[in-house]
Amino acid sequence: MSDSGESRRATPAEYVSAQPHAFGPARHLRSRAKVLPEHARGHNRALVLQTLYHAGSMSRADLSRETGLTRVTISDLVSEFIADGIVVELGVRETVGPGKPPILIDIDRLGHQIVGLDLSDAEVFRGAVLSLDGDVVERREVARPAPSDGEAAYAAVLELARALVSAATASLLGVGVGTPGVVRPDGLVLSSPNLGWTDFALEAQLGRDLELPVLARNDANAAVLAEYTFGDARSDFIFIKIGFGVGAGLISGSQPLLGSRFAAGEIGHVVVGTDGGPRCICGRDGCLEAWLSVARLRDEVAARPDEREAILRDAGARMAIAIAPIVTALDLSEVVLSGPADLLDGPLIEAATATLRDRTLEGVFDDVVIRLTRQDDIVLRGAAVMVLSGQLGVS
Ligand SMILES: [Zn+2]
């Protein structure tokens, strides 16, 4: 880097090398909507940003070629994005030969950040300032208040969010929250017993208190977005998050499944079998969550260390019994788990895979894979995807 004292823009090569594109090459979710003429402008805006986001810096001519939009349309949209501060010109591309060298443009990756919150941990609420490419820039956490105290839970969320907003070093695109519970698409938490929230307008309340765009979704639904967009998952899979509770998110045909009550994937309180089982927080015996939650597995293993393998195999088998009908009904290709690797990787996944084979049609579902996600901070990254998607139409 030159040190002339005069501020200068990074060359495109420097800029690109400073951007690891941790999220790329990434995929976007398939849109179900048909594009009507009145939607075309919004569609074109999203297409241009999506292309820039995933492909990185390029000229207006490249963008026109990549998107199939005319040079005039591209030129208009790019001017608008530059005026809005979403897109920046990076300088000219080095070229040989005659003609004016083209100016490279990109999403202003350095000029924007996102705050992500993950409320799913048993001990703490976690949060981070993330770059647009999904890298964690700053982390903060606050102690999780006593269960079922809704007011204390929100106060802790607000404290964490404010600390992160102050820690941001660029303009914030928005705040994404992944929370346990059933969450409506407008960010109203219909029910989250562990946090003590019922019909709580989390997204609206936090948006007012922070004066920023906020998006709140179920934690597993946030995580499934990150796994789909940045992980190696296929287009049809279930993502099971094993932590304080057990929840799942589903992608079918490259689209997130929410269901009629926005509760798709709420498999934690499905009773597994008719032979009872451990007592669940909900009062029944043998719920999947009662078998599989991290606290239960750790307690059991600590109480009977000699039977560690049997305890984990049993939990894996119970999980497979619960998910076999889901895998077959939706013809899924993968089951991706997130949770502590020391508990999940090994006997638990082995037993789950064997049980799934035993309980599904031979020759059809034999290649269904059960594996751990390779991503860290998956809810935080998922929260970032929500904001990118909600604010820029990029996913
Ligand atoms: Zn239960």
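**Exercise 1. Determine which residues F237 touches, leaving aside those up to four places away in sequence.**

Solution. Contact is taken as heavy atoms within 4.5 Å. The model is predicted, so local features need pLDDT of at least 70 and side-chain atom pairs count only at pLDDT 80 or more, while totals for chains, interfaces and linings use all residues. Residues are numbered from 1 along each chain as its sequence is written, and side-chain values use heavy atoms, with hydrogens and water left out. On this basis, F237 touches V224, E227, Y228, G249, L250, I251, L332, E334 and V336.

**Exercise 2. Identify the residues of the largest nonpolar core that touch the most other members.**

Solution. A nonpolar core is a set of buried Ala, Val, Leu, Ile, Met, Phe, Trp, Tyr and Cys residues joined through side-chain atoms within 4.5 Å. Buried means under 20% relative accessible area, exposed over 50%, and partly exposed in between, with a 1.4 Å probe and protein chains only. The largest core has 43 residues, and those touching the most other members are V48, L49, L52, L63, F237, L388 and L392. Elements that each supply at least two residues of this core include α2 (40–55), β12 (237–242) and α13 (378–392); helices (H or I, at least four residues) and strands (E, at least two) are DSSP runs, numbered from the N terminus. The largest share, nine residues, comes from α13. A second, separate core of 36 residues includes I242, V246, L312 and A324.

**Exercise 3. State the order of the strands in the open sheet that contains β9.**

Solution. Two strands pair if DSSP finds at least two bridges between them. The order is β8-β9-β10, with antiparallel pairing. Strands β8 (182–183) and β10 (197–200) are the edges, each pairing on one side only. Three bridges join β9 (residues 189–192) to β10, and S191 stands opposite T198 in β10.

**Exercise 4. Classify the aromatic pairs in which F200 takes part.**

Solution. Rings of Phe, Tyr and Trp (its six-membered ring) pair if their centres lie within 6.5 Å; planes under 30 degrees apart count as stacked, over 60 as edge-to-face and the rest as tilted. The centres of Y154 and F200 are 5.4 Å apart and their planes stand at 80 degrees, so this pair is edge-to-face. Y154 lies in helix α5 (residues 150–167) and F200 in strand β10, 46 residues apart. W197 and F200 form a tilted pair, 5.1 Å centre to centre with 50 degrees between the planes.
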